Amino acid sequence: MRHLMSPLDLSVDELNTLLDLASDIEKHPDKYAHVCDDKRLATLFYEPSTRTRLSFEAAMMNLGGKVLGFSSADSSSATKGESVADTIRVVSCYADICAMRHPKEGAPLVASMASSIPVINAGDGGHQHPTQTLTDLLTIRSLKGRLDNLTIGLCGDLKFGRTVHSLIEALVRYTNVKFVLISPEELRIPSYIREDVLKKNNIEFQEVERLEDALPDLDILYMTRVQKERFFNEEDYVRMKDFYILDKQKMELAKEDMYILHPLPRVNEIATEVDADPRAAYFKQAQYGVYVRMALILTLLEVKLPC
Ligand code: CP
């Protein structure tokens with residue numbers, strides 16, 4: 001039995017196979033409409049979510065399966081003091097696979113050690129968000145036709161943004177991927193990503209503060225919101241929250257074929273006027289999230305695929 005805690009739990013070959021499956025699902029959804037008719041997915045969300053929870057549920061329903069779960073810790077027995085280990089032991093009796101989001105880093109890993117069903121990390125604190133990374137990789141590969149030879153700008157809250165941490169870890173395994181890390185001084189990437197992931201793998205990267213300086217060189221711009229829920233005080237958040245606002249004027253500096261991604265939710269960091277730009281790919285990205293989660297469910301459940 002396999003779990004997914006980090007994108008690195010999948011080898012590059014496994015990742016490419018999974019993305020191929022997601023692309024086939026996109027092209028031939030009917031082929032997969034009943035492959036999980038007898039399966040159930042539990043979504044255990046101890047922290048708010050729109051996309052991740054609903055796209056997991058849509059994914060299982062698209063495969064013919066059923067879903068159950070809770071959308072906040074308040075509506076679960078966590079409020080009575082139940083541990084994630086006990087919760088997953090019980091949920092293992094009700095479902096075949098589980099997606100868990102938790103504010104504490106490592107909570108899905110603790111759950112996986114007590115589980116008798118596959119556990120998927122649907123976001124743990126400021127740590128990892130592997131299924132967002134699968135979504136991002138499928139989006140980039142579908143739009144650019146490749147995952148190598150790319151210059152990727154990551155902009156915003158690189159300190160607390162777990163999607164950024166997971167995406168860097170996944171992309172360093174591809175050839176000639178360069179990063180431009182665009183953030184205010186206080187929200188730079190954690191040193192373990194800089195030292196243990198980027199420098200250790202001899203990846204070319206630069207850290208800059210001005211988005212305008214970085215834009216002309218980028219193939220992909222990955223915008224992120226400032227993670228309000230991870231700040232220790234409101235004052236710091238208010239000071240940082242509008243540091244970057246991508247608007248039509250700034251987009252004039254970007255290449256014609258540079259795509260904008262964002263894991264969403266968006267707050268102010270992309271002006272709504274940018275939504276009409278053909279390079280704005282963030283809503284398409286949310287759709288890719290369904291295909292890739294369908295592929296992940298099939299892979300972890302080892303479902304026999306239709307011809
Ligand atoms: N991208 C993402 O994780 O969105 P949600 O928080 O709405 O799930």
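Two rings of Phe, Tyr or Trp (for Trp, the six-membered ring) count as a pair if their centres lie within 6.5 Å; planes under 30 degrees apart are called stacked, over 60 edge-to-face, and the rest tilted. By that rule, this structure has 4 aromatic pairs. One of them joins Tyr288 and Tyr291, edge-to-face, at 6.3 Å centre to centre and with 70° between the planes.

Before I go on, a note on what you are looking at. This is a predicted model, in which local features need pLDDT of at least 70 and side-chain atom pairs count only at pLDDT 80 or more, while totals for chains, interfaces and linings use all residues. Residues are numbered from 1 along each chain as its sequence is written, and side-chain values use heavy atoms, with hydrogens and water left out.

Back to the tyrosines. Both Tyr288 and Tyr291 belong to helix H11, residues 282-300, and they are 3 residues apart, about one turn of the helix. Helices (H or I, at least four residues) and strands (E, at least two) are DSSP runs numbered from the N terminus. Buried, for a residue, is under 20% relative accessible area, exposed is over 50%, and partly exposed is in between, with a 1.4 Å probe and protein chains only. Tyr288 is buried at 7%, and Tyr291 is buried too, at 17%.

There is also a charge over a ring. The charged end of Arg293 sits over the ring of Phe56, 5.1 Å from the ring centre. The rule there is NZ of Lys or CZ of Arg within 6 Å of the ring centre and within 35 degrees of the ring normal.

Now the ligand. Which residues are around it? They are Ser49, Thr50, Arg51, Thr52, Arg101, His129, Gln132, Pro263 and Leu264, each with a heavy atom within 4 Å. For polar contacts, the limit is a pair of N or O atoms within 3.5 Å; within protein, one must be able to donate a hydrogen and the other to accept it, and residues adjacent in sequence count only if both atoms are side-chain atoms. Thr50 has a backbone N or O atom 2.7 Å from a ligand oxygen. Thr52 uses an N or O atom of its side chain, at 2.6 Å from a ligand oxygen. From Arg101, a polar side-chain atom lies 2.9 Å from an oxygen atom of the ligand. Taken alone the ligand exposes 260 Å², and the protein buries 91% of that; these areas come from the Shrake-Rupley method with a 1.4 Å probe, and for residues only the protein chains shown count as cover.

Leu264, from that list, has a backbone worth a look. Most residues other than glycine have a negative phi, and most peptide bonds are trans. Phi of Leu264 is near 65°, a positive value. The peptide bond from Leu264 to Pro265 is cis, with omega near 10°. Leu264 lies in the loop between S9 and H11, and is buried at 13%. Pro265 is in that loop as well, with S9 spanning 259-261.

Asn149 also has a positive phi, near 55°. Its place is the loop between helix H5 (130-144) and strand S5 (150-155), and at 40% Asn149 is partly exposed.

Last, cysteines. How many disulfides does a search of the whole structure find? It finds 0, a disulfide being a pair of cysteine sulfur atoms within 2.5 Å. For Cys36, the closest cysteine sulfur is in Cys98, 15 Å away, too far for a bond. Cys36 is buried, at 0%.
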